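Student: I have a chain open on the screen and would like to go through it with you. Can we start with the surface?

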Amino acid sequence: DYRIILVNPPCKDGSNEYCDYLSKKHRNKIFTYHPDTKSSIEACNFGINQTMPNEDVFLTQDDVVIPKLYSRNWLYEMSKMSST
């Protein structure tokens with residue numbers, strides 16, 4: 001079981017529309033927010049406020065999933081690491 005929270009401040013590169021498309025395609029799994037902020041820190045904080053403590057893994061655009069975890073349940077592995 002998973003849910004994905006996408007936080008994408010308003011922009012003109014088409015990413016808002018793509019995020020909205022994903023949310024509609026995967027209802028109850030992907031949630032998109034477009035906070036009116038110009039700061040990436042504020043956008044990250046907004047995303048953190050949408051999460052559920054001890055249940056969600058927080059990734060930013062700079063995070064990399066370790067390739068050796070792809071063969072396993074990498075999301076589960078990351079959630080275990082983030083709760084310790």
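Tutor: The protein chain exposes about 6700 Å², and carbon and sulfur atoms supply 53% of that area. Accessible areas come from the Shrake-Rupley method with a 1.4 Å probe, and for residues only the protein chains shown count as cover. This is a predicted model, where local features need pLDDT of at least 70 and side-chain atom pairs count only at pLDDT 80 or more, while totals for chains, interfaces and linings use all residues. Residues are numbered from 1 along each chain as its sequence is written, and side-chain values use heavy atoms, with hydrogens and water left out.

Student: What share of the residues count as buried?

Tutor: Of the 84 residues in the protein chain, 17% do. Buried means under 20% relative accessible area, exposed means over 50%, and partly exposed is in between (1.4 Å probe, protein chains only).

Student: What pattern does the chain follow along the sequence?

Tutor: The pattern is β-α-β-α-α, with 3 helices and 2 strands. Helices (H or I, at least four residues) and strands (E, at least two) are DSSP runs, numbered from the N terminus.

Student: Let's take H1. Which of its residues are buried?

Tutor: In helix H1, residues 15–25, the buried ones are Asn16, Cys19, Leu22 and Ser23. They cover an arc of only 125 degrees around the axis, which puts them on the same side of H1. The arc is that of the directions from the helix axis to the C-beta atoms.

Student: And what is exposed on the other side of H1?

Tutor: Glu17, Tyr18, Lys24 and Lys25 are exposed there.

Student: What covers the buried residues?

Tutor: The cover for the buried residues of H1 includes strand E1 (4–7) and strand E2 (30–33). Contact here means heavy atoms within 4.5 Å.

Student: Back to Asn16. Which residues is Asn16 in contact with, leaving aside neighbours within four places in sequence?

Tutor: Those are Asn8, Pro9, Pro10, Cys11 and His34. Asn16 has a relative accessibility of 9%, so it counts as buried.

Student: Which side chain does the Asn16 side chain join in a polar contact?

Tutor: That of His34, at 3.0 Å. A polar atom of the Asn16 side chain also lies 3.3 Å from the backbone oxygen of Cys11. A polar contact is a pair of N or O atoms within 3.5 Å; within protein, one must be able to donate a hydrogen and the other to accept it, and residues adjacent in sequence count only if both atoms are side-chain atoms.

Student: Change of topic: Thr37. Where does Thr37 lie?

Tutor: Thr37 is in the loop between E2 and helix H2 (40–50). Its relative accessibility is 13%, so Thr37 counts as buried. The side chains of Thr37 and Glu42 are joined by a polar contact of 2.3 Å. Leaving aside neighbours within four places in sequence, Thr37 is in contact with Pro9, Glu42 and Ala43.

Student: What about the phi of Asn28?

Tutor: Asn28 has a positive phi of about 65 degrees, although it is not a glycine. Asn28 sits in the loop between H1 and E2 and is exposed, with a relative accessible area of 65%.
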